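My notes follow in the order I looked things up.

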Amino acid sequence: MIKRFGVSMEPELLDKFDSFIKKYGYKNRSEAIREIIRERLIDETVKEGGGESFGTIVIVYDHEVGDINDRLVDLQHEYTGLIIFTTHIHVDRRNCIENIVVKGKNSEISALAQRLRTIEGVSSVKLLLTNYTYK
Ligand code: NI
């Protein structure tokens, strides 16, 4: 069942929203609002540590900093129940990208992402979670 409700907003914001809808090919405002709400609720679920998700953690690091390769391998071996696979890209002489695909509790995925952030030489950690329990 679908319920209707009214939304009020400034005309400038609505113009920007309509441009966004057109750019990304949404059928209408309702469809776009539903997707944005779902995304936001997933973020909240992650923050609260509830639920399970498939996720991807993308890290960028300099492989010449200290013993970073050993630290990254050791850390990933602590999470063998969470990590499905990892791909490694040699970007240039020093920089590497790893794409770590995970499935498990949001709280554990967030903890792994946070630990990756604290490793010296890691310059970027992006976490994307897809909570398949949301309709
Ligand atoms: Ni590399």
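I started with E64, which is partly exposed at a relative accessible area of 46%. I use buried for under 20% relative accessible area, exposed for over 50% and partly exposed for in between, with a 1.4 Å probe and protein chains only. This is a predicted model, so I kept to its limits: local features need pLDDT of at least 70, side-chain atom pairs count only at pLDDT 80 or more, and totals for chains, interfaces and linings use all residues. Residues are numbered from 1 along each chain as its sequence is written, and side-chain values use heavy atoms, with hydrogens and water left out.

**Entry: salt bridges**

Which residue does E64 meet in a salt bridge? I found R94, at 3.7 Å from N to O. My criterion for a salt bridge is a side-chain nitrogen of Lys or Arg within 4 Å of a carboxyl oxygen of Asp or Glu. E64 sits in the loop between β1 (52-62) and α3 (68-78), and R94 in the loop between β2 (83-90) and β3 (95-105), so this pair ties together parts 30 residues apart in sequence. For the element names, helices (H or I, at least four residues) and strands (E, at least two) are DSSP runs, numbered from the N terminus. R94 is partly exposed too, at 38% relative accessibility. I also noted that D62 joins E64 and R94 in a network of salt bridges.

How many salt bridges does the structure hold? I have five on the list. One of them pairs D18 with R29, whose closest N and O atoms are 2.8 Å apart. That pair links distant parts of the chain, with D18 in helix α1 (residues 11-24) and R29 in helix α2 (residues 29-48), eleven residues apart. D18 is partly exposed at 29%, and R29 is partly exposed at 39%.

I then checked K27, whose side chain meets that of E31 in a salt bridge of 3.1 Å, N to O. K27 is exposed at 71%, whereas E31 is partly exposed at 23%.

**Entry: the nickel site**

Next I looked up the metal. The nickel ion is coordinated by H88 through NE2, H90 through ND1 and C96 through SG, at 2.0 to 2.4 Å. Donors here are N, O and S atoms within 2.8 Å of the metal (3.2 Å for Na, K and Ca); water is not among the atoms, so sites may look incomplete. In sequence, I read the donor spacing as H-x1-H-x5-C. H88 is partly exposed, with 34% relative accessible area, while H90 is exposed at 65%.

**Entry: domains and helices**

Where do the domains run? The domain assignment, which comes from an automatic or database source, gives domain 1 as 11-48 and domain 2 as 52-130. I have their C-alpha centres 29 Å apart.

I turned to α3 and helix α4 (residues 106-117), whose axes come within 11 Å and cross at roughly 165°. That makes α3 roughly antiparallel to α4. The axes are lines fitted to C-alpha atoms, for helices over the stretch in contact, and angles run from 0 to 180 degrees between N-to-C directions. Angles under 35 degrees count as roughly parallel, over 145 as roughly antiparallel, 65 to 115 as roughly perpendicular and the rest as oblique.
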